[in-house]
Amino acid sequence: MAKDALVSDELAKKFKTEKDSPYVRWVRDEGLDIIAAHYVYDLNTVELKPWARRGGRGVFINHEASRTSNDCYVCEIPGGGELNPQRQLFEEMILVLSGHGSTSVWNDAGQKVTFEWGPGSLFAIPLNTWHQHFNGSGTEAARFVSSTNMPPVLNLYDDVDFVFNTAHDFPNRFAGEPDYFADKDEVDGLLLKTNFVADAVNLPLIAAKERGAGGGHIRFSMARGSMNSHISQFPTATYKKGHRHGPGAHVIILSGEGFSLMWPEGEEPKRYDWKAGSMIVPPNMWFHQHFNTGTEPARYLAFKHEVVSVRNAQGVPKAWISQRVGGDQIDYADEHPLVRETFAKALAGNGLVPQMDAAYEAELADLPPKP
């Protein structure tokens with residue numbers, strides 16, 4: 001049975017005004033569009049509009065819960081130019097899509113740090129710090145994609161001037177440490193303790209057999225904030241286990257080619273083909289599954305807020321736990337036959353065959369019994 005919970009137009013009209021929000025009105029007043037999408041094939045070519053506040057061009061890409069959790073936008077810095085300085089009472093994580101440049105971050109105490117970035121760089125803006133992005137090329141535009149938790153902040157205060165112009169330093173978030181944006185390699189479990197990654201495409205990862213397919217994984221919590229993200233990679237001719245979680249994960253493909261299946265419980269999966277630069281945004285509690293049909297490892301970055309993670313009593317995301325014990329991850333042994341059929345056909349089109357036997361076998365050692 002379909003569980004998309006759609007109702008009549010008559011009932012929907014009764015709640016129409018509640019779908020509007022200070023955040024949605026702010027984006028509209030900025031003169032920008034909101035692309036309401038689960039999927040963008042290429043962030044590098046998505047159409048942008050002039051953005052006076054920032055001094056560049058931009059567009060917002062939001063999932064259904066954007067007015068209450070976290071959002072996403074793409075921004076371009078003109079060749080030979082820079083964006084306007086800005087401070088903000090919300091958190092932000094940035095992935096550079098193209099171009100080279102630098103960013104300066106400073107506080108009211110006069111402490112300032114400047115660092116350089118290039119394609120694949122990943123970093124976060126500390127809460128309410130002044131910051132400014134500079135394009136290192138005199139002719140070519142630079143483009144980045146960002147996720148923020150502005151929606152709940154702006155909706156809470158409903159005061160644009162307060163959110164963007166409050167003079168207050170958070171020294172526990174940023175105190176001008178000279179190495180604040182150094183490319184560090186300190187790891188704690190699956191967490192990489194750093195505020196800057198120079199090259200997310202080639203960053204070494206940690207084995208994560210729980211997600212299947214012999215892939216690698218690493219997690220980030222940058223700028224001492226509440227937003228987080230992770231990178232996952234899986235070998236050619238393999239795929240990850242299907243799972244579901246809360247809203248707000250913006251999955252950006254860093255390398256490889258393949259497709260994803262997404263579906264609400266009880267419905268048939270829909271297919272979304274991707275390449276480097278594509279973005280997949282799974283709706284709230286939709287199952288989704290990622291498949292590598294190319295000739296190189298596939299790697300993606302997921303920007304998200306903690307609201308995404310439905311956790312068990314031990315603090316483990318249920319998206320990592322088998323459905324057989326009450327989690328939200330589908331074991332290979334329990335997936336629909338359509339999954340393997342679809343994958344085999346897609347690989348055949350590229351002259352490849354599935355390399356999943358080892359993953360299927362490895363799962364059996366720890367597979368809980370069916371309830």
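**Notebook: charges and rings in a predicted model**

I began with Asp334 and Lys370, whose side chains meet in a salt bridge at 3.8 Å, N to O. The model is predicted, so I keep in mind that side-chain atom pairs count only at pLDDT 80 or more.

I looked up where the two partners lie. Asp334 is in the loop between strand S23 (298-305) and helix H6, and Lys370 is in the segment after helix H7 (357-364). These parts are 36 residues apart in sequence, so the pair ties them together. Next I checked accessibility. Asp334 has 28% relative accessibility and counts as partly exposed. Lys370 is exposed, with a relative accessible area of 60%.

I then followed the shared partners. Which residues do these salt bridges join into one network? I listed Lys241, Arg324, Asp331, Asp334, Glu363 and Lys370.

How many salt bridges does the structure hold? I noted 22. Side chains of opposite charge can pair when their charged atoms come close.

I picked Arg87 and Asp169. Their side chains meet in a salt bridge at 3.9 Å, N to O. A salt bridge needs the nitrogen within 4 Å of the carboxyl oxygen, so I could count this pair. Arg87 lies in the loop between strand S5 (71-77) and strand S6 (92-98). Asp169 lies in the loop between helix H5 (160-165) and strand S12 (186-188). The two parts are 82 residues apart in sequence, and the pair ties them together. Are these residues buried or exposed? Arg87 is buried, at 3% relative accessible area. Asp169 is partly exposed, at 21%. Buried means under 20%, so Asp169 does not count as buried.

I turned to Arg224 and Glu177. The closest N and O atoms of this salt bridge are 3.2 Å apart. Arg224 sits in the loop between strand S16 (216-220) and S17, and Glu177 in the loop between H5 and S12. I wrote down that the pair links distant parts of the chain, 47 residues apart. Arg224 is partly exposed at 42% relative accessibility. Glu177 is partly exposed at 21%.

**Rings**

Then I moved to the aromatic side chains. The count comes to 26 aromatic pairs. I looked up Tyr239 and Phe343. Their ring centres are 5.0 Å apart and their planes are at 70°, so the pair is edge-to-face. Where do the two residues lie? Tyr239 is in the loop between strand S17 (227-234) and strand S18 (250-255), and Phe343 is in helix H6 (residues 337-348). The pair ties together parts that are 104 residues apart in sequence. Tyr239 is buried, with a relative accessible area of 0%. Phe343 is buried too, at 1%.

My next pair was Trp263 and Phe287. I found these rings stacked, 5.7 Å centre to centre with 25° between the planes. Trp263 is in strand S19 (residues 258-263) and Phe287 in strand S22 (residues 287-292). They are 24 residues apart, and the pair links distant parts of the chain. Both residues are buried.

I also traced a cluster linked by ring pairs. Its members are Tyr23, Trp26, Trp51, Phe60, Tyr73, Phe90, Phe144 and Phe164.

**Charges over rings**

Last, I looked for charges placed over rings. The charged end of Arg271 sits over the ring of Phe259, 4.3 Å from its centre. Lys112 lies over the face of Trp106, at 5.0 Å from the ring centre.

Technical notes. Residues are numbered from 1 along each chain as its sequence is written. Side-chain values use heavy atoms; hydrogens and water are left out. Rings of Phe, Tyr and Trp (its six-membered ring) pair if their centres lie within 6.5 Å; planes under 30 degrees apart count as stacked, over 60 as edge-to-face and the rest as tilted. Helices (H or I, at least four residues) and strands (E, at least two) are DSSP runs, numbered from the N terminus. Buried means under 20% relative accessible area, exposed over 50%, partly exposed in between (1.4 Å probe, protein chains only). A charge sits over a ring if NZ of Lys or CZ of Arg is within 6 Å of the ring centre and within 35 degrees of the ring normal.
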